[in-house]
Amino acid sequence: MEQTNKLKNSKEVIQYLATEFPNCFSTEGEAKPLKIGIFQDLAERLKEDEKVSNTVLRSALRQYTSSWRYLHGVKVGSKRVDLDGVEGAEIEQEHVEHAQKTLKESKDKAFANKKAQAEKADKNKAAARKPKADFKRTSKPKTSDSKPAVDKKPIEKIDSKDLVAGKEVRVLVGKTPMPGQISEVTKDGIAVTLKSGMLVKVKAEHIVA
């Protein structure tokens, strides 16, 4: 009986894509900006490939396009490539600015986490050198202040019948609507390819005109 080695996580899928489409994807060095709509192209090319499911493929693309390697590659003068490495449209300035902003936020968060971990390690070392003493940990009270970021600020909602693949829309990422194109509509959400090339999955209420 033939056994299919199904790829189970994003890392395995990215390595597989780099092998199958070496002129488009890579696992080291600066990554090339991807053609907008690359998910549909991949889904079509891999539709007979039992190793890759659309769910894991979508997750892998999201991880790939949000990596520091990829965001570094979205810069002025760069051109997007298709699965065969053929260059297409040049990166627009707004996409460059979005990539730089996302990269800075990601690095700031990573550095903050690294600093917090280092401080925690130092405290643990200091505590290990001191004799044990009675000590009560005070927990911060839970806050029940949960404010929806989108519902209180409606921006021209789109009729559900208009939410179809290929539709140009805007996605509420945080408080900022970002332009993009619907890649796929499923029962558990809507996949949208942002103009920066990043693939995100959101609920219908996060999509506006």
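How do the residues of the lining of the largest cavity divide into nonpolar, polar and charged? I kept that question at the head of the page and began with the ground rules.

**Entry 1, ground rules.** I am working on a predicted model, in which local features need pLDDT of at least 70 and side-chain atom pairs count only at pLDDT 80 or more, while totals for chains, interfaces and linings use all residues. Residues are numbered from 1 along each chain as its sequence is written, and side-chain values use heavy atoms, with hydrogens and water left out.

I looked up the secondary structure and found five helices and seven strands in the protein chain, taking helices (H or I, at least four residues) and strands (E, at least two) as DSSP runs numbered from the N terminus. Along the sequence the pattern reads α-α-α-α-β-β-α-β-β-β-β-β. Of the 209 residues, 33% are buried, where buried means under 20% relative accessible area with a 1.4 Å probe and protein chains only. Among contacts (heavy atoms within 4.5 Å) with a separation of 6 or more, 56% join residues 24 or more positions apart.

I traced an open sheet of five strands in the order β6-β5-β4-β3-β7, with antiparallel pairing; its edge strands are β6 (199-202) and β7 (207-208), each of which pairs on one side only. I counted two strands as paired if DSSP finds at least two bridges between them. Strand β3 (residues 168-173) is joined to β4 by six bridges, and Glu168 has Gln181 in β4 as its bridge partner. The hairpin of β3 and β4 has two residues between the strands, and there Gly174 takes a positive phi near 70°. β3 also pairs with β7 over two bridges, with Arg170 and Val208 as bridge partners.

Grid points are joined across faces, edges and corners, and a volume is the space filled by probe spheres set on the points. The search finds one cavity of 30 Å³ or more, and the largest cavity holds about 40 Å³ of space. Its lining includes Thr193 and Leu199, together with Met198; α2 and α3 (54-65) are the elements that give two or more residues. To settle my opening question, the lining divides into six nonpolar, three polar and one charged.

α5 (93-129) and β4 (176-186) each supply at least two lining residues, and α5 gives the most, with five.

I followed up Thr102, which is in helix α5. Why does Thr102 count as buried? Thr102 does so because its relative accessibility is 18%. Not counting residues up to four places away in sequence, Thr102 touches Leu71 and Met198; Met198 is also one of the residues that line the largest cavity.

Technical notes
Buried means under 20% relative accessible area, exposed over 50%, partly exposed in between (1.4 Å probe, protein chains only). On a 1 Å grid over the protein atoms alone, a cavity is a set of points where a 1.4 Å probe fits but cannot get out, and a pocket is an open set with protein on both sides within 12 Å along at least five of seven lines; lining residues have an atom within 4 Å of a point. Ala, Val, Leu, Ile, Met, Phe, Trp, Tyr, Cys and Pro count as nonpolar, Asp, Glu, Lys and Arg as charged, and the others, Gly among them, as polar.
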